[in-house]
Amino acid sequence: MRAELPSAEPPAAAVTAARRVPRRCADVVVAGGGPVGMYLAILLLQEGVSVQVLEQRPDRSRHSRAIGVHPPALESLDRAGIAATMAREGVRITHGEARSAGRTVARLDFAAASGRYPFVLTLPQIRTEQLLEERLLALDPDALVRGARVDSFIDHGAAVRVNGTGGGGPFTVEASLLVAADGARSPIRTALGTRWSARELPDTYLMGDFPDGTDDGTLGVLYLEPEGIVESFPLPGGLRRWVVHTDALQQDPTPAGLAWLVRRRTGHRLDAAGNSMLSAFGVRIGRAHRLVSGRTVLIGDAAHQISPIGGQGMNLGWLDAAAVAPVIAASLHGNPVGTALRSFERRRRRDAVVASAQAQANMVLGRPLPAGAMALRNAGLERLFQFPALGGAVARRFTMQ
Ligand SMILES: Cc1cc2nc3c(=O)[nH]c(=O)nc-3n(C[C@H](O)[C@H](O)[C@H](O)COP(=O)(O)OP(=O)(O)OC[C@H]3O[C@@H](n4cnc5c(N)ncnc54)[C@H](O)[C@@H]3O)c2cc1C
């Protein structure tokens, strides 16, 4: 099979310490050097598998996205040797609270949800990606090529030939397997013709990082208010991330505008001048109907895009990588893996459905509601959360257990 990828942004010259010209062959080519592709490459290198990661961007993305890292992902990242550093640098959220109209309506204890990592960690995605890249390059300084875009591939049965542009011209890498970790728009998934069920949800948000002027310390707080939810999470460096449900996608967001919404709904005053990140976003969800096609495997956002509300997308991708790495290693060591691959596909698709449903439930909880209806719902929540077993179950669900 020969597949041309839809054209993407042009590759640019690499500016990091990563290798500049791809190798001619590797056991596995990973298309996409985001958090999921790099994590898979680390696991494979640790298993003695040779890997070439091709990343079209010349440098790490500066766009702030994920902050939340859940216990199962931390347990998995331990295998890559970076969980301890992340846990040291990040903020450990051991408790969450839902507030409404100045009252606490529910408390969640994440400490009971996991033995080894009894917290949800917050660390900006850009720092997480830096730690992953450092670990990857420590294992193999030539494993990552930046400014190298995959343009097409040919699956000729016995191997896959990956063609691309970058490092001063066209290149070809011959591999046993191509793993597409090329993000939600996944050009490789498109080229494969894999069915992708996608939906745009009506919810829109404005988010920003500000100096933390609250007394909430390491508490994660959800404000359930009639005009829509406000989420507030501690970040390293004395910052706090605020995420606000908005009526429509804000075209020209400003820190002062976000501060105004937070003040109006929660009473908190944000220091708009100290704002360090601002982003307005809508929500698209999608899932691929197949993860394995011939010698190509989809993982991460390429396999499933879920709502950012609930903070699970990157975690889910890492768990894909952890599930597929031993199967890939076994196949390259000559073991039959047909059943293991099918089981990987089934389990990861099922887990994506569960995580996506959880993220959508979080979104529904945060939608605007007339004050009377919200007061009734919150009274119900308050009563339900008096049962410790329910609180424990919700905490486990929130932390992807
Ligand atoms: C506002 C927001 C907040 C979020 N918060 C959280 C959170 O708290 N916790 C959480 O778990 N998740 C969160 N997420 C989701 C998380 O950011 C994604 O799930 C994660 O980045 C997916 O990683 P990935 O490696 O699969 O894909 P990506 O990060 O998209 O990386 C894909 C890479 O592939 C490269 N690429 C694409 N095409 C090619 C090609 N042809 N050749 C070479 N390279 C290519 C791209 O340049 C890119 O670097 C959030 C998302 C958003 C938008």
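The model is predicted, with local features requiring pLDDT of at least 70 and side-chain atom pairs counting only at pLDDT 80 or more, while totals for chains, interfaces and linings use all residues. Residues are numbered from 1 along each chain as its sequence is written, and side-chain values use heavy atoms, without hydrogens and water.

Helix 1 (residues 35–46) has 12 residues and spans 17 Å from its first C-alpha to its last, close to the 16 Å expected at 1.5 Å a residue; the expected span is 1.5 Å times one less than the number of residues. Helices here are DSSP runs of H or I with at least four residues, and strands are runs of E with at least two. Just after helix 1, Gly48 has a positive phi of about 85°.

Among the elements covering the buried residues are strand 2 (25–31), strand 3 (51–55), helix 4 and helix 7 (313–332).

Two packed helices are described by the angle and the distance between their axes. The axes of helix 1 and helix 4 (residues 125–139) come within 9 Å and cross at roughly 25°. That makes the two helices roughly parallel, a label for angles under 35 degrees, with angles running from 0 to 180 degrees between N-to-C directions. The crossing is left-handed.

In this contact (heavy atoms within 4.5 Å), residues of helix 1 including Met38, Ile42 and Leu45 meet residues of helix 4 including Leu132, Arg135 and Leu139. The contact residues divide into nine nonpolar, two polar and three charged.

Definitions and conventions:
Parallel < 35°, antiparallel > 145°, perpendicular 65-115°, else oblique. Left-handed = near helix turned anticlockwise from the far one by under 90°. Nonpolar A, V, L, I, M, F, W, Y, C, P; charged D, E, K, R; others polar.
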